[in-house]
Amino acid sequence: MEFLQKIFNHSKAPKHLDVLAWGNELDGMDDISAIEHSTKRLNEDSKKNIFQDDQYLEALFSIDEKTHIIVERITAHYINIDNMSIELEERIANAVFLYYRQQFLIYYTLIENLAAFQPKSLLLMLVRAINHATQMIKWRYYNYQSAPANVWSQLSKLYLIAEKQAILDSYVRTYNDQEISTISSGYIQACMLGSLESLSFQRKQIELVSKMLASWTPKILIQNKYDQNKHLFYVDTSSDSPAKRIRNFKPSDSCRYWCFDSVNLKVELCLSLIEYNISPKQQEMKDFITDKYALATLGILRTEWSRIEYKRQRRNIERVKTTKYATTTFGFEDTCYHIKQHENIRVQRSGKSYQGNKSFDERLATHSLSKDQTEPNVIYLDLGAGQSKIIDESSQGIGMYTNKPAHEVSLGMLVGVSITDEKIDTKIGVIRSIKPVIGHELHIGIELLSTSAFCVEAENISLTTSKSSGATGAGDNNNSAKTSSFTRTPPVNLNGIASSFTCLFLPKVFTNSKQESILVPRLHYNKNDVYKINLSGKDFQVKFTETLEYHDNWLRIVYAEVEEKQLVA
């Protein structure tokens, strides 16, 4: 008996080793080549229909585990390295996407053929298939592309198979380096990620949202009966579409629902921790809120997912097709620098600036540079600006093509637009959408905040007073870290007091909102502090009273002038 068992085991070994043989070849390859080779060999093996054999299936699981580590490593480099050649970027994107697609097709076919027999490995095949589909979706979103064709229908079919087998909420570990999860959680993660497709998130934002969903959705249950007081999102398993918010909705047997309140509470908690600069004890939460893109991403998630504050953005005015060329600056600092250069040029050419009425608002809108500042009599070359082509515009927005690399632009980024053939001031706007177009260009959708802006020098009086009154030690280190976001200005003076910083003032007459406001670098904003604004060589004290919008490095603030007696009080 023992002899026969040895013969039987020996007869199995060549099959198993034959499949694993090419898997061992991966050790001597670089990561990209290893993934490309895996895709090729998996495609060849799948055509032979060998994976329905238990031995080959175990070999597939083993190779999948091995290549998973390689792909995770490639993905980390891909989303974190900014300066990458177009050729390498395209090779990586194609290699990884095709790898996930090949793995997904193998699992999907196996599940279709074997699900009726209820194999023990069905649960693992399902969670890995859903994982690979989600990864395909992410890699398309990394490059501002739509989800693969039919992927939502295929995901829904996998979900329905799991529902029929009553294993939706069975716990399983997809890979050894991942937390235990469920099929329901994986399905919700994919569908909710799909609900954000139109938002043009950057790669790091997509990755951040994915991690948040993976952490916050495992305990959410999917239900087939609609409760209007409980459910906020649904998916129609009979359609090829991701999760949708419930609006003007008629329930049907093919729809599935879930309550997302627990995730929304986590989003609000993260935003509060950021606003009040509180460091949580939980390491995962700390990692979320300290991410570079945390504030911008969480703000968008609150808008898209909130039960109360949701408001779908719609264009009030249609844009008119046009062809214009413009000098464009991207980011708060470069936009400030660009505007200040043009103000210097106007002062040099005219010898004086426009003098308005004596009210604070109009002085702020028409101020000139301080006479104490001496500017050299030269015309500056603005190296931070680039050329863009405007293709449509309205009084409230601009659509343009730019050859700016995708990793250098982001939703919520401030931009300055100066049209080449028009002698007008720089228009100030916010990037609301990013889409790739042919020729490695980007189509940028910009919402205009103002058709003109003015640079204003400001200083935090509360901060200066605190330092002057003898604050030392750790407090000095914290305050000195708050250097000017307008980096071309010296960050501190000789006494160690924080120097002035540059803001942008948007006068009422030029803004779409018909409300004057100031754009303030986030690094220098402290709620309830008093600031000194220098206008035409004269100082005014103001207090920021309301935040109209905020992003990762700037805020748009409403202000109020503070009288001297109020300061004393």
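The dialogue below takes up terms and the values behind them.

Tutor: Please note that this is a predicted model, in which local features need pLDDT of at least 70 and side-chain atom pairs count only at pLDDT 80 or more, while totals for chains, interfaces and linings use all residues. Residues are numbered from 1 along each chain as its sequence is written, and side-chain values use heavy atoms, with hydrogens and water left out.

Student: How many helices and strands are in the chain?

Tutor: The chain has 16 helices and 17 strands. Helices (H or I, at least four residues) and strands (E, at least two) are DSSP runs, numbered from the N terminus.

Student: What makes Glu36 and Arg91 a salt bridge?

Tutor: A salt bridge requires a side-chain nitrogen of Lys or Arg within 4 Å of a carboxyl oxygen of Asp or Glu. For Glu36 and Arg91, the closest N and O atoms are 3.0 Å apart, so the pair meets the definition. The pair links distant parts of the chain, with Glu36 in helix α2 (residues 31-47) and Arg91 in helix α4 (residues 86-114), 55 residues apart.

Student: Why does Glu36 count as partly exposed?

Tutor: Buried means under 20% relative accessible area, exposed means over 50%, and partly exposed lies in between (1.4 Å probe, protein chains only). Glu36 has 32% relative accessibility and therefore counts as partly exposed. Arg91, with a relative accessible area of 34%, is partly exposed.

Student: Which residue forms a salt bridge with Asp64, and how far apart are the closest N and O atoms?

Tutor: Asp64 forms a salt bridge with Arg128, and the closest N and O atoms are 3.3 Å apart. Asp64 belongs to helix α3 (residues 54-80) and Arg128 to helix α5 (residues 122-142), so the pair ties together parts that are 64 residues apart in sequence.

Student: Are Asp64 and Arg128 buried or exposed?

Tutor: Asp64 is buried, and so is Arg128.

Student: What is the distance between the closest N and O atoms of Lys157 and Glu112?

Tutor: These atoms are 2.7 Å apart, and Lys157 forms a salt bridge with Glu112. Lys157 lies in helix α6 (residues 151-164) and Glu112 in helix α4, 45 residues apart, and the pair links distant parts of the chain. Lys157, at 36% relative accessibility, counts as partly exposed, and Glu112 is partly exposed with a relative accessible area of 38%.

Student: How many salt bridges does the structure hold?

Tutor: The structure holds 19 salt bridges.

Student: Which strands form the closed barrel?

Tutor: The closed barrel has six strands in the order β6-β7-β8-β11-β10-β9, with antiparallel pairing. Two strands pair if DSSP finds at least two bridges between them. Strand β6 (residues 320-330) and strand β7 (residues 386-393) share seven bridges in the antiparallel sense, so they count as paired. Within this pairing, Lys324 stands opposite Ile390 in β7.

Student: What makes β4 and β5 edge strands?

Tutor: The open sheet of three strands has the order β4-β3-β5, with antiparallel pairing. Its edge strands are β4 (244-245) and β5 (255-258), each of which pairs on one side only. Strand β3 (residues 233-236) is joined to β5 by four bridges and the two run antiparallel, while Asp236 stands opposite Cys255 in β5.

Student: What share of the 569 residues counts as buried?

Tutor: Of the 569 residues of the chain, 50% count as buried.
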